[in-house]
Amino acid sequence: MIQRLRLKPNADRRLKAGHLWLYSNEIDVQATPLKSIKPGARAVVEAANGKPMGIAYVNPNSLICARVVTRNPDLRLDRSLLVHRFNQALGLRKRLFDKPYYRMINSEGDLLPGLIIDRFDDVLVVRLNTLGMELAGQDVIEALDQVLSPRVIVFKNDSTGRRREQLEAKVEVVKGELTEPVIVEENGVRFSVPVLDGKRTGWFFDHRSNRAWLNAFVKDKRVLDVYSYTGSWGVQAATHGASQVLCIDNDAQALNGARENAALNDVEDRVSVLEEDAFEALAALKTEGERFDVVILDPPPFIRRRKDVTRGERAYGQLNREAIRLLSNDSLLLSASSSLHLSMDRLTECVRGALRHQDRNGQIIFQGHQGPDHPIHPAIPETAYLKALGVRVFRD
């Protein structure tokens, strides 16, 4: 029989407002002992008066002890519900994009907490980030077969979130066989995607629209791409007319991917790479007297937890200062952050401080966010994480 999970009085306000998470301190453990529920089990969520409010899966060992998957207490997290959610998500993506390269399911943003699916045409890369979704893995495969009939499905289950849910890291092809490179097309540029051994799903679709904006400003410019990964920014800049691109990353495998992607788009003569720590590389380039017309900063999140905010903001400030030192007069800085706990206002303040430290003027001409295939849940601010600033940098 399905379990029950009763909330304390007034603990249903966030749920009524649309939120999908329940915290352990919101549960009436006298009426429904949380520790008696098997991790990963599905439960009917009840208000304090016993009124059913929806279906959630439960992990009593996690701070977020339950995640709601439907408001209808008669439904379950099964193949039928997944098919319905996948069709809802597919309908949006078909309206947004004319080619099958996008984030197909964005966890809470698509009302499926704990589930990420990126689509590379007939190859799907799935991340089951929670125990509840892990237990629904076979239903996920069957529902994807019904909705999309993919040639290949990869389970890329190596996220840090899985460790918090006490799940092992593993990467496996659960349908089909990867016999050739996985290709993504973005903004008219083709890339080979390392879905098995790359970061996350192998690609970062979230910056697609921000890269499209930048592509309009790179013609005949010298471009520096810091934290380049496999060249998503830098190779696109080269294909859109940049005269020279330098990609910096400390991951040799990622830089090999950048070289391959430059060759894939016939711009290898204009793309070079440097394997080094970003801060050390920026300092060395300054010492060497290098100058660039465009600098792109797309670092990994420097702030992963609230307690890291002060230290992380210092890192963002330093990174932007070092980048601005390399910019020629009347140039462009693209400064991004994927840190949930760094707001757009605080990123702006980091850039402002860096500009004044280098005695430069700045004009913000662009504010970017995650693309529409990463929909934001209006009741869950944590689903809005990506920020990008396009800043014209010049002297008096």
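This is a predicted model: local features need pLDDT of at least 70, side-chain atom pairs count only at pLDDT 80 or more; totals for chains, interfaces and linings use all residues.
**View 1. Surroundings of V184 in the largest nonpolar core.** The largest nonpolar core has 36 residues. V184 is listed among those with the most contacts inside this core, together with F120, L214, V223 and V245.

**View 2. A nonpolar patch on the surface, formed by V171, V173 and L196.** Together, these three residues have about 200 Å² of accessible area. L196 is found in the loop that runs between β12 (189–193) and α6 (208–215). With a relative accessible area of 40%, L196 is partly exposed.

**View 3. Helix α9 (residues 278–287) and its buried residues.** The buried residues of this helix are A278, F279, A281, L282 and L285. Seen down the axis of α9, they fall within an arc of 165°, and therefore line one face of the helix. An α-helix has 3.6 residues a turn, so residues three or four places apart point the same way. On the other side of α9, E280 and T287 are exposed.

**View 4. V295 in strand β16.** V295 counts as buried because its relative accessibility is 0%, and buried means under 20%. Not counting residues up to four places away in sequence, V295 touches L224, V226, A323, L327, L332, L333 and L334. The C-alpha atoms of V295 and R222 are separated by 8.7 Å, although these residues are 73 residues apart along the chain.

**View 5. T348 in helix α11 (residues 344–357).** T348 has a relative accessible area of 24% and is partly exposed. Beyond residues up to four places away in sequence, T348 touches I364 and L389. V391 lies 43 residues from T348 along the chain, and the C-alpha atoms of the two are separated by 9.8 Å.

Conventions: Residues are numbered from 1 along each chain as its sequence is written. Side-chain values use heavy atoms; hydrogens and water are left out. A nonpolar core is a set of buried Ala, Val, Leu, Ile, Met, Phe, Trp, Tyr and Cys residues joined through side-chain atoms within 4.5 Å. Buried means under 20% relative accessible area, exposed over 50%, partly exposed in between (1.4 Å probe, protein chains only). Patches are made of residues with over 30% relative accessible area and no salt bridge: like charges are joined within 9 Å, nonpolar side chains (Val, Leu, Ile, Met, Phe, Trp, Tyr) within 5 Å. Accessible areas come from the Shrake-Rupley method with a 1.4 Å probe; for residues, only the protein chains shown count as cover. A salt bridge is a side-chain nitrogen of Lys or Arg within 4 Å of a carboxyl oxygen of Asp or Glu. Helices (H or I, at least four residues) and strands (E, at least two) are DSSP runs, numbered from the N terminus. The arc is that of the directions from the helix axis to the C-beta atoms. Contact means heavy atoms within 4.5 Å.
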